[in-house]
Structure formats: C-alpha cells, structure tokens
Amino acid sequence: MPEITYDDFGKIDIRAGKVVKAEPFPKARKPAYKLWIDFGPLGVKKSSAQITKLYQPDELKGKRVLGVVNFPPRQIADFMSEVLILGVVSDRDEVALIQADREVPLGGRVL
C-alpha cells in the first residue's frame, strides 16, 4: 500500500453506528447481509456486509459498528449500499467487525 498523509486520511469519514435491522441477502453474489445502521444525526444508512461466517442476523441488531459514510452509494443486486462497514479478515476468510471499546455517540467521527 502506498504511504498517505494525514490529510489523505482526513478525507475518509468513518463514523460510529448501531445496527437497527439485519436480514439475509440471497441475491448478493457472495454471502452477505443487508444492514440498516443508525448513524445518529446522519440518519439510518444501508450497507451490504459479507459477515455471514461469524454473525447471524438476529445477533447483529444493536451491535455497534464503524463505517465509511462518504463513499458514493453502490448498487449490489437490488440493494443500494450507502456505507462501507469496517472489519478485519482472518486467515480463514472470516470478517470480524471493528467497533469502539466504549459506548460512543451514534455518528461520532473516528479521528
């Protein structure tokens, strides 16, 4: 990966959110869920997330997540994904969600 400046990083708008709804996304090419995430003052935004190996839809509701909110929306099958939820991929190709280790305000920005 190329080295970037702090100004480059500052262009990425990463915010804290809370999953308010999650459901299977059978039309996605790779296994995924449809997520609706509350970002506080930014409102509820949708995301398609390939996190099916470690999470079930019913356990995602209420989970705090971090997401990039300033990418352009992306059409995935019949669903418009508005944010990119952040996770770490393991050596077994499982995605673990990244989250704050304390209660933070919805919509709070990562610095």
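1. R15 sits in strand β1, residues 14-24 (strands are DSSP E runs of at least two residues, numbered from the N terminus). The model is predicted, with pLDDT of at least 70 needed for local features and 80 or more for side-chain atom pairs, while totals for chains, interfaces and linings use all residues. Numbering starts from 1 along each chain as its sequence is written, and side-chain values use heavy atoms, leaving out hydrogens and water.

2. The R15 side chain makes a polar contact with the side chain of D13 at 2.6 Å (N or O atoms within 3.5 Å, one able to donate a hydrogen and the other to accept it; sequence neighbours count only if both atoms are side-chain atoms). Leaving aside residues up to four places away in sequence, R15 also touches several others, including F39, V65, G107 and R109 (contact means heavy atoms within 4.5 Å).

3. β1 runs antiparallel to two strands: β4 (residues 64-68), through five bridges, and β2 (residues 33-38), through six bridges. Pairing requires at least two DSSP bridges between strands. A16 has L66 as its bridge partner in β4, and A22 stands opposite L35 in β2.

4. An unreviewed UniProt entry carries the annotation "domain: TRNA-binding" for residues 8-111; such annotations may be inferred rather than shown by experiment. Over residues 8-111 the chain is 7% helix and 40% strand, and the end C-alpha atoms lie 12 Å apart. Helices here are H or I runs of at least four residues.
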